[in-house]
Amino acid sequence: MKGFLRALVCGPADTLNQGLRMENLGEVDVVKARIQHKNYCLALEELGFRLISFPADNKHPDSVFVEDPAVIMEDLLVMLRLRCLERQGEEKRVRQILAPYFSKVINLDSSGFVEGGDVLILERELCIGISKRTDGKGAEALAKIARDLAGFKSRVFEIPSRFLHLKGGASFQGDTGVLVVSEEILVNFNGVSCRPLAVPVEERFGANCISRGKKLIMHSGKPKTKKILGEAGFLVQDIDVSEFEKIDGALTCMSKIF
Ligand code: CIR
């Protein structure tokens, strides 16, 4: 297995129901969300990650989504620029906690924006989705940092508007070299060095999985995707994160793995 050992997680805020959302999918039940988050953390531990947990931040309803303020490439931590005012400021705590683990820490120095949910990292290659949250300027600035400071190449492409972030429709399973990807955006990954595994468009967040070795966790309620992943050899556990889905959160959004 590859060297990822730790997962940074932040508890859900009391204000979680004020989280940003693309459409109204109903009220978020914060009590239920806390239970779902606990189960999510347990599942990460069962995969073998050591958790670094920090407490909820009620001033930032979306602060549970710790994937978004940063990108990590080996010993390099890049602090990003979040697009929405409501989320700006989350990066301060994430930086404080993560910085001691990295020999190089840098801010995305750009007038553009990038959110971690739009940055999928393959073997030494970044895939950056231009989205509602990540723009061309931000993507260009991140690609330059990736090339100059980490020797990673980048591919940049627009994602369909139904996705908030690229990773809502794709995730890379580093140990097995499998790229799980919604069939709608498969074409953007032509020529990648890993093995793409297409999953159905209609199962929202089906492609957003986390694994170590063959053990994989995915969103519950995605039967077709579950079958495809099982047939591909993964030992699949599905997790109910329905309260987070209401505010466009997927599994990878709730941790920063490194
Ligand atoms: C937001 O709109 O920013 C949050 N409600 C959801 C963020 C999800 N993060 C992710 O996909 N990486």
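# Exercises on sheets, salt bridges and buried residues

Strand β7 (residues 125-130) pairs with β8 in the parallel sense, over 6 bridges. Two strands are taken to pair if DSSP finds at least two bridges between them. Helices (H or I, at least four residues) and strands (E, at least two) are DSSP runs, numbered from the N terminus. The model is predicted, so that local features require pLDDT of at least 70 and side-chain atom pairs count only at pLDDT 80 or more, whereas totals for chains, interfaces and linings use all residues. Residues are numbered from 1 along each chain as its sequence is written, and side-chain values use heavy atoms, with hydrogens and water left out.

Solution. Begin with the order. At the level of residues, I130 stands opposite E158 in β8.

Then place the helix. Contact means heavy atoms within 4.5 Å.

Now examine the pairing. Strand β10 (residues 178-182) runs parallel to β11 and is joined to it by 5 bridges. V181 has A198 in β11 as its bridge partner.

Task. Identify the residues that are joined with E243 into one network of salt bridges, and compare their setting with that of the pair D148 and K144.

Solution. A salt bridge is a side-chain nitrogen of Lys or Arg within 4 Å of a carboxyl oxygen of Asp or Glu. A search of the whole structure finds 18 salt bridges.

Take K32 and E243: their closest N and O atoms are 3.5 Å apart. K32 lies in helix α1 (residues 30-47) and E243 in helix α5 (residues 242-245), so this pair ties together parts that are 211 residues apart in sequence. Buried means under 20% relative accessible area, exposed over 50%, and partly exposed in between (1.4 Å probe, protein chains only). K32, at 37% relative accessibility, counts as partly exposed, while E243, at 2%, counts as buried.

E243 also forms a salt bridge with K246, with closest N and O atoms 2.9 Å apart. K246 is buried, as is E243. The network joined by shared partners therefore comprises K32, E243 and K246.

Turn to the other pair. The side chains of D148 and K144 meet in a salt bridge (2.7 Å, N to O). Both residues lie in helix α3 (residues 136-150), 4 residues apart, or about one turn of the helix. D148 is partly exposed at 44% relative accessible area, and K144 is partly exposed at 46%.

## Exercise D: a buried aspartate

Task. What does the side chain of D118 reach, and how far away is the nearest side chain of opposite charge?

Solution. Locate the residue: D118 is in the loop between β5 (104-107) and β6 (119-122). D118 is buried yet has no salt bridge, the nearest side chain of opposite charge being R133, 7.4 Å away. For charge, Lys and Arg count as positive and Asp and Glu as negative; His and the chain ends are not counted. The side chain of D118 reaches the backbone nitrogen of L166 at 2.8 Å. Leaving aside residues up to four places away in sequence, D118 touches residues including C127, R133, H165 and L166.

Conventions. Polar contact = N/O pair within 3.5 Å; in protein donor to acceptor, adjacent residues only side chain to side chain.
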